Structure formats: structure tokens, C-alpha cells
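Me: I would like to learn how to read a few features of a protein model. Please give the general idea each time, then the case at hand.

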Amino acid sequence: MRRLCIFFGFGLLVMNACVPARKLVYLQNEDELAKRKEIPKDSVLRKHTLDVREYRIQPLDLLSISFETLGDENDKFDFLSKISSQARGSSLAAASLSGILVNKEGEVEYAVLGKVKVAGLTPFEAQDTIRAFASRYLDDVVVRVRLLNFRFTVLGEVNGEKTIVSPNTRLTMMEAIGLSGGLGELADRSAVKVIRQNGGETEIYYVDLLKEQFLESPYYYVQQNDVIIVPPLKQRTFRKYFSGNIGILTASISFAVFVITILR
């Protein structure tokens with residue numbers, strides 16, 4: 001009976017320490033893990049319609065706005081040099097030094113063009129709006145708008161907690177996690193917490209990265225200033241502290257046996 005209890009207890013410890021594949025594999029669909037050998041290869045199994053949402057400029061965004069024209073007159077070049085925020089260097093850090101900050105009212109301001117409302121617009125819509133202002137002074141002007149400070153933060157059970165600045169404003173949740181080094185083995189992929197700013201409010205929601213249906217979620221794409229928090233599985237505590245606790249328990253038992261032996 002004693003041996004049976006020992007084996008049963010050992011079995012429970014092993015089960016609690018194991019993490020099944022269904023808790024680790026991203027974007028699962030029903031019983032695909034159990035039927036992997038039956039899945040046809042080199043063929044489209046399913047299609048999903050993505051909820052693609054273009055990024056819209058927000059107050060306090062940092063923009064790189066450049067102007068170009070086909071004309072070669074000196075006065076035009078002088079005018080362009082005064083209104084262009086395009087960086088002379090090639091790095092993102094160099095670009096940010098000459099970027100234009102969108103004010104709290106959602107406007108960018110030029111000495112010549114005046115204030116231009118860009119908040120709420122996509123970068124392409126902002127290009128058209130600014131071009132309409134600049135065309136009063138220049139013919140055939142081309143405007144390019146780029147966001148310089150698209151950033152998000154990934155915390156928790158990842159291989160590298162960090163705040164990431166990306167030149168790409170169309171990042172998926174998977175890409176964002178990949179940029180942070182990927183999730184750890186003991187990360188709970190079924191309950192990833194996302195904190196998102198929406199105007200003057202902060203929204204909190206959870207996403208399940210294990211289900212394939214997440215591809216169609218409106219939260220599939222990361223937004224500016226998102227904070228992504230990945231919680232641990234319950235096995236993490238067991239694995240992290242098991243060896244230490246066993247050592248303490250063993251030492252306590254040995255000390256108790258030693259004391260009992262002396263007092264006899």
C-alpha cells in the first residue's frame with residue numbers, strides 16, 4: 001500500500017510538471033494536433049479574411065514628412081529645405097531628430113503652410129491632405145509621410161521583455177511577440193493580456209493565441225503603444241520552485257531525524 005501511494009504521488013508530480021502540446025502550439029484548429037498525419041500536404045486547407053485596419057495618426061505621434069518636386073529652380077529647393085522634415089541620415093535615430101511632433105490638437109505646424117490637421121488620418125490620407133496645402137506654393141509636389149515612433153511593449157513570459165520601436169505600422173500579434181524573442185515554454189498562450197490606448201481611455205482585453213480563429217480577430221494587429229502581457233502557466237511555479245522546495249524538505253527531514261536520534 002505504501003509503495004502504491006509513493007508511485008501515485010510521483011505520478012501526480014510528473015503530470016503537474018508536463019506541458020501538453022495543445023498549450024504550446026499557436027493557431028490550432030480542432031483536432032489537427034492529433035490528426036497531423038492525416039492532414040494533406042501542399043494544399044490550402046482553409047481561408048480566413050483578415051480584419052486589416054490601417055494605422056491612424058494620433059496626437060503626440062512623431063512623423064517624418066518629406067516634400068519633393070520635379071522642378072529644379074533654386075527657389076523651390078530653398079522652399080523645400082524649409083518645410084521638409086526628412087532626415088539626412090539613414091538610421092531611425094537620425095530620422096527622429098528631424099521629425100515633426102503632432103500636437104495635442106492633432107495638428108502639424110509649418111511656418112509657411114500653417115497648421116494641418118492629421119490626427120485620425122492614415123499616413124496616405126495625411127499625404128494627400130498636406131499635398132493639398134503644399135500645392136498652393138509648388139507644382140507637382142510629392143509628399144511622403146512616415147511614422148517614426150510606432151512602438152509597443154511585450155512583458156511577462158517572453159524570451160526578452162522590451163519596448164520595441166518598429167518602422168512597420170502593420171504588425172500582427174505574432175510578429176510583435178517574435179520581435180521580443182518569442183514566448184517561453186511556460187507561457188500561457190490562451191490568455192495574453194493587451195492594454196491599448198484609445199483616445200482618452202485605456203482598453204483591456206485578452207486574446208487566445210492557441211485558436212486559429214484569432215486570425216479574424218480585430219485585435220490580430222498591434223496598435224501604437226500597446227502593452228502585451230504574457231502570463232505563466234501553473235506549471236511554471238512548480239518547475240521553478242520544485243527543486244528548491246525538495247531541498248528544503250529533505251534538509252528538514254534530515255534535521256528532524258538527527259534530532260530524534262540524539263534524543264533517544
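**Pockets, core and backbone**

Me: Which strand gives the largest share of the lining of the largest pocket?

Reply: Strand β8 (residues 192-198) does, with three residues. Helices (H or I, at least four residues) and strands (E, at least two) are DSSP runs, numbered from the N terminus. This is a predicted model: local features need pLDDT of at least 70 and side-chain atom pairs count only at pLDDT 80 or more, while totals for chains, interfaces and linings use all residues. Residues are numbered from 1 along each chain as its sequence is written, and side-chain values use heavy atoms, leaving out hydrogens and water.

Me: What is the volume of the largest pocket, and which residues are the closest to its centre?

Reply: On a 1 Å grid over the protein atoms alone, a pocket is an open set of points where a 1.4 Å probe fits, with protein on both sides within 12 Å along at least five of seven lines; lining residues have an atom within 4 Å of a point. Here the volume (the space filled by probe spheres set on the points, which are joined across faces, edges and corners) is about 510 Å³. Among the 21 lining residues, Gln 58, Arg 196, Gln 197, Asn 198 and Gln 223 lie closest to the centre.

Me: How does the lining of the largest pocket divide by residue type?

Reply: Seven of its residues are nonpolar (Ala, Val, Leu, Ile, Met, Phe, Trp, Tyr, Cys and Pro), six are charged (Asp, Glu, Lys and Arg) and eight are polar (the others, Gly among them).

Me: What is the volume of the second largest pocket?

Reply: About 270 Å³. Of its 17 lining residues, Glu 54, Tyr 55, Pro 123, Phe 124 and Thr 169 are the closest to its centre. The elements giving two or more residues to this lining are α4 (123-134) and β5.

Me: How many residues are in the largest nonpolar core?

Reply: A nonpolar core is a set of buried Ala, Val, Leu, Ile, Met, Phe, Trp, Tyr and Cys residues joined through side-chain atoms within 4.5 Å. Buried means under 20% relative accessible area, exposed over 50%, partly exposed in between (1.4 Å probe, protein chains only). The largest one has 43 residues, and Leu 63, Ile 65, Phe 67, Val 108 and Val 118 have the most contacts inside it. Strand β5 (residues 141-147) gives the most to this core, with four residues.

Me: Where is Asp 140?

Reply: In the loop between α4 and β5. Asp 140 has a phi near 55°, positive although the residue is not glycine, and is exposed at 58% relative accessible area.
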